[in-house]
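Please look over the structure shown here, and then read the notes on selected helices and residues that follow.

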There are 4 protein chains.
Amino acid sequence: MTATPVPGNLTTLKRMVADTPTRPPLGDIAHIGHAQLFTPCPEDTVAFFTGFLGLTVNGRDGDHTYLRTWDDYEHHSIVVTRRDEPGIGRTALRASSSEALERRIQAVRDAGLAGEWVEDEPGVGPLWVTTDPDGHELALYHETTWYEAPAELAPGLKNQPQAKPGHGVGVRRLDHINYLAADVAESTGFVIDTLGARPTEQIRLDGGRIAARWQTFTQKSYDLVYTEDWTGSRGRLHHLAFATDTREDILRAADLALDTGVFIETGPHKHAIQQTFFLYVYEPGGNRIELCNPLTRLVLAPEWPLITWTETERKKGQAWGLQTIESFHTHGTPPVG
Amino acid sequence: MTATPVPGNLTTLKRMVADTPTRPPLGDIAHIGHAQLFTPCPEDTVAFFTGFLGLTVNGRDGDHTYLRTWDDYEHHSIVVTRRDEPGIGRTALRASSSEALERRIQAVRDAGLAGEWVEDEPGVGPLWVTTDPDGHELALYHETTWYEAPAELAPGLKNQPQAKPGHGVGVRRLDHINYLAADVAESTGFVIDTLGARPTEQIRLDGGRIAARWQTFTQKSYDLVYTEDWTGSRGRLHHLAFATDTREDILRAADLALDTGVFIETGPHKHAIQQTFFLYVYEPGGNRIELCNPLTRLVLAPEWPLITWTETERKKGQAWGLQTIESFHTHGTPPVG
Amino acid sequence: MTATPVPGNLTTLKRMVADTPTRPPLGDIAHIGHAQLFTPCPEDTVAFFTGFLGLTVNGRDGDHTYLRTWDDYEHHSIVVTRRDEPGIGRTALRASSSEALERRIQAVRDAGLAGEWVEDEPGVGPLWVTTDPDGHELALYHETTWYEAPAELAPGLKNQPQAKPGHGVGVRRLDHINYLAADVAESTGFVIDTLGARPTEQIRLDGGRIAARWQTFTQKSYDLVYTEDWTGSRGRLHHLAFATDTREDILRAADLALDTGVFIETGPHKHAIQQTFFLYVYEPGGNRIELCNPLTRLVLAPEWPLITWTETERKKGQAWGLQTIESFHTHGTPPVG
Amino acid sequence: MTATPVPGNLTTLKRMVADTPTRPPLGDIAHIGHAQLFTPCPEDTVAFFTGFLGLTVNGRDGDHTYLRTWDDYEHHSIVVTRRDEPGIGRTALRASSSEALERRIQAVRDAGLAGEWVEDEPGVGPLWVTTDPDGHELALYHETTWYEAPAELAPGLKNQPQAKPGHGVGVRRLDHINYLAADVAESTGFVIDTLGARPTEQIRLDGGRIAARWQTFTQKSYDLVYTEDWTGSRGRLHHLAFATDTREDILRAADLALDTGVFIETGPHKHAIQQTFFLYVYEPGGNRIELCNPLTRLVLAPEWPLITWTETERKKGQAWGLQTIESFHTHGTPPVG
């Protein structure tokens, strides 16, 4: 009575589940800790994150500005760094324990990839820095400083790290990161095999190639996404996403964007894949930013199957029929000539 | 650089976290599978769950009716069973794997409690049945049949088990169960030590006694709650809760309750503890049912501390100042004379 | 110190308003009473209105089915009538008083149009039936029977005509009607001059032709809309719209549509013109139905100016950038070969 | 076939309506223009209105600060004025035309009350100032200057006067004013008879006395409310209310209040009377401020009956069962020793 989760349709998966395939224990990587974003205009980019999204600056250091969402328990949710071109820098993944951190580092080394320890960020302990096969910088760490809000940002309830901001969208957390990669199957294989990510949904082209795959470290249905880079470039970003508490927050965000000149690329609408309610905008540095809301959807089944979407299914567009916008396939950062 | 998570206020927790205390690996118990509710009037109770909450009947068997929420991947979310008095019957907890199931059974046995295997429910494999120290029936299982929707309930998207119901509130899932118990510390100690539940929040009376404690098996902030039974009785229920997708669903539910005569006990409002947006109603059998919405709040930190609320803090009432209603301390099921 | 409201931009209208141009007193036509919809498949169409939109059947008579939204104080909000082809039949406008009714009939006669009295609908008194210049049937009436809900539909609050339905979208009212017309300026001139409609927004093509104009009888910003018929046909319908209480109702409606196979044409999104949050679907008979939500927007200024949108402005698409869907310019009912 | 609207229950009003009682034509008073609020701490009060509610300062003059909600087409929505004690000052009502203004002034004079012309406010023409029988200052005016937003507040859509604020609650408009009065029947009789207000709902005590009455000048279900002053004092304020676009705005407001220390008196909840979704807070000067949302409810029937609530009905509390808070009957401004 053993069942193997197979790609398919939840409604056609009828089976007695006994045992799930061996994989790294859920939770060696607890969650995405924070991400680093490059921008040629850091002042404008920081103003976007504070004024429009409602993040709080929690320190500056040379070309780096550290920003937090209000529900983050750590020092920072993103790092905005001056660079000639926009794009994604380091993605820091927090391990669940020191032992979990060691296990994951060993797994990466066993896969033949190198890494090195750095201590270059405030509020967190040493980070072990490596890259995925596509060249995106990944850092693993465990030690962290719990955030203590100053008086002016103290929340009304003790089970909340920081007051909810009264300005801007007021996003709750950094939700997920969507990379572009030359070889999606290879790069997602790496994060699945060495970091214990679980794939939950994917697009398989008619020819068999995996065009996109969604992975999770948590019971959210995805944390780290890889989409095929149409240019064949490496290490690029499709978008960075922040979760709002409600869909109404996203509708309000669209109005604020309209009235303040923030560029809306597409949305609000609902993704068919992962069912996320979304809005895509560009920050002043050119990076694509998603505001997303998953409602209360969680992936709690231990053997949650990998759902595969075909080319034909993708042609139906988003959940409610919106066609995927062309720039979704032409805009990534850094731009490619 | 080792830190022990201590009860306290998130805003005053400033520390470098290195290692977290040893505990059963996250995830031996994957999530609450389903719960059994007793009612003297099963037809009315089932009509409440289908007509008002929007659950679907998925089988009947003698005195038992099996009902599902639309996002459940298993056979049933609750079992409604005819009994002279209302109350809670079996709570079934799904283990993450066969090995995880064995580990948890052994842990319960090591704690000196007995159990036995039964095969008496459709859609799931064998269940190992025991009780918590207060007498609530607990069942551990792993094998399960994934639900396949019949054509008339097929969803529009393949990553969803069943169409969203067009009638009633349309709750997404069985969210949590709140027991009454004579000794909260003892009972929660049991589920923490033997089942790997993690306590996230608690109320400690001035005299030191734990009046309530919230435990989670998942990254939701709670799944299983114990509140002190003011009557000293054993095995009783405070409430069963279902999660909605939005707070608007709960406001709409309150209007539907008003227009159809469903008794509203209190709410809609927001809990200070766990910050859940709530509405409490009674089903026709007398059991208290909560509709709850946590927004997108999750507990992702591996060392999430146990937050302790004092008597003084509790006297402030709910998050926005509503005083806790008196019947919250006098109504449980089965009723006590 | 007299100011004439001029077409323009609210933000560039800076003037001292002393007197507004003479027009029929606000309120001779109180509001749209109901509308008649033709369909070749009345059973399916009625099932759509009851099951999906949550209307209630309030009588049948031969080929006619009378349906109500829950907040309508009159006998019916729409009449569904069997006909070989879909389309719009009678639009009934309720006059504020007997005198107001007489004034409006006289104004229509003064404009050279004929009409006749009929008594062919349940729940309302005599209707004076005429047509607009494009051939859409209009009926003026005043006498009406206030609706009394039967016990099973009785509301929980005495200031509400009927319980809110627990199934379907639960639209509050028939909100507006959007006709197609060969000559928008002529037809809207008629309803403005003879019926006292006030134009609030319009599209003026570069060549000067009015492509669409929005009129109101109330303090809602529009009740009756005329859009140019690209086929030159007469008497056709673009869409019929129902108001929901919240935008969340519309998002939920989109999910219900997705899961039950209701065709979504476009949306949810927000119109630039009138700022309405919208979702367009087709009912089984082929007529386009809008679900709309205006938030709390009202037109209270007595001299609210007529806002004019240019072709260039229209090319920007909807409020948040969605391009207007092609079928908006090709689908009307009855269809034209 | 003549029907007289009678106090009662909408669901028991079954009649053929032919003619409605004679009353001043709907619309001589177009809407409430603005209100003046007294406060002993104008800086804190203004900070509350700008920071928490999201109003914009549009001028200062001595002890007066003029503030606007984003959807107001006039110069200001409220005037905050320094005074030793909190309370309500002038309520300005905009007449629909010069003729309408003259008619209403004559009606007040015919009722034996005096008034005088003043020109003491920016952005509006002459105001004719009088009082209601309880002593609340009322001002009638017609001339007004349409607001033109400066570049930094320019909206994204031309049919909107000002950009939606990105901070605070972002209330759309001043919605209604609730006075306290020694004799509710007398004061409401005055605004009904001389100003053409229409009563829509009322509370009648068992002894026959009217304890509260809701009046409207518009198709909103109320604009001006009188509640009996338990102290017998005159000219006092119960609360001033601002409309939000959504109920979610009010839930968000409650969280912002919680995190910033704004005092919440009661709510969020739903009124039985008028069905408004509400939140009551106190501004720093001591005046009670309501945030309200009526969904899309409008009173469009020309003969909308006056709904009467009995003492027994009132004892049921608010719509979803919340008991009316005690301070609702003890807190008014200015305070009475």
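How are H4(A) and H4(C) oriented to each other, roughly parallel or roughly perpendicular? H4(A) and H4(C) are roughly perpendicular (65 to 115 degrees). This is a predicted model, in which local features need pLDDT of at least 70 and side-chain atom pairs count only at pLDDT 80 or more, while totals for chains, interfaces and linings use all residues. Residues are numbered from 1 along each chain as its sequence is written, chains are lettered from A in the order in which they are written, and side-chain values use heavy atoms, without hydrogens and water.

**Helix pair**
- The axes of helix H4 (residues 247-260) of chain A and helix H4 (residues 247-260) of chain C come within 10 Å and cross at roughly 110 degrees.

**Ser233(B)**
- Ser233(B) lies in the loop between strand S14 (224-228) and strand S15 (237-243) of chain B, and with 18% relative accessibility it counts as buried (under 20% relative accessible area).
- Leaving aside neighbours within four places in sequence, Ser233(B) is in contact with Asp134(B), Ala182(B) and Val336(B).

**Val191(D)**
- Val191(D), in helix H3 (residues 184-195) of chain D, is buried, with a relative accessible area of 0%.
- Val191(D) and Ala253(D) are 62 residues apart in sequence and 33 Å apart in space, C-alpha to C-alpha.

Conventions. Axes fitted to C-alpha atoms, helices over the stretch in contact; angles between N-to-C directions. Helix = DSSP H or I, 4+ residues; strand = E, 2+ residues; numbered from the N terminus. Parallel < 35°, antiparallel > 145°, perpendicular 65-115°, else oblique. Buried < 20%, exposed > 50% of the residue type's maximum accessible area, 1.4 Å probe, protein only. Contact = heavy atoms within 4.5 Å.
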